[in-house]
Amino acid sequence: MNVGVCKLTLRLPENQSLKGKRRVVKSLSERIRNKFNVAISEVGDNDKWQIATLGIVSVSNSNRQVEQALDSV
């Protein structure tokens, strides 16, 4: 079993509140999850409204498939 992990930090300069950040992160997470078949969650910077840190994970029998999935994201 191969597990690939990616940490992605996004800057949201136009965001004005935590509520707006939640909306952006939720929408982005759903689109990534549906398009690339990976697990994704906000893993850091929960109290900062202009920065979002996302954790992305892919699991497969093939190392090549894991790398391709994370590279595509």
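**Strands.** I began with β1 and strand β3 (residues 51-60), which pair in the antiparallel sense over 10 bridges. My terms here: two strands pair if DSSP finds at least two bridges between them, while helices (H or I, at least four residues) and strands (E, at least two) are DSSP runs numbered from the N terminus. I looked up Arg11 and found that its bridge partner in β3 is Ile51.

**Ground rules.** I noted that this is a predicted model, where local features need pLDDT of at least 70 and side-chain atom pairs count only at pLDDT 80 or more, though totals for chains, interfaces and linings use all residues. Residues are numbered from 1 along each chain as its sequence is written, and side-chain values use heavy atoms, with hydrogens and water left out.

**The sheet.** Next I asked in what order the strands of the sheet run. I read β1-β3-β2, an open sheet of 3 strands with antiparallel pairing. Its edge strands are β1 (2-11) and β2 (39-44), each pairing on one side only. On average, neighbouring strands are turned by 25 degrees against each other, direction ignored. Axes are lines fitted to C-alpha atoms, for helices over the stretch in contact, and angles run from 0 to 180 degrees between N-to-C directions.

**The helix.** I then checked helix α1 (residues 18-36), which packs on the sheet and touches β1, β2 and β3. Contact means heavy atoms within 4.5 Å. The direction of α1 makes about 20 degrees with that of β3.

Buried means under 20% relative accessible area, exposed over 50%, and partly exposed in between (1.4 Å probe, protein chains only).

Is Ile40 buried or exposed? Ile40 counts as buried because its relative accessible area is 7%. Ile40 is found in strand β2, and leaving out residues up to four places away in sequence, Ile40 touches Ser29, Ile32, Arg33, Leu54, Gly55 and Ile56. At 56% relative accessibility, Arg31 is exposed.
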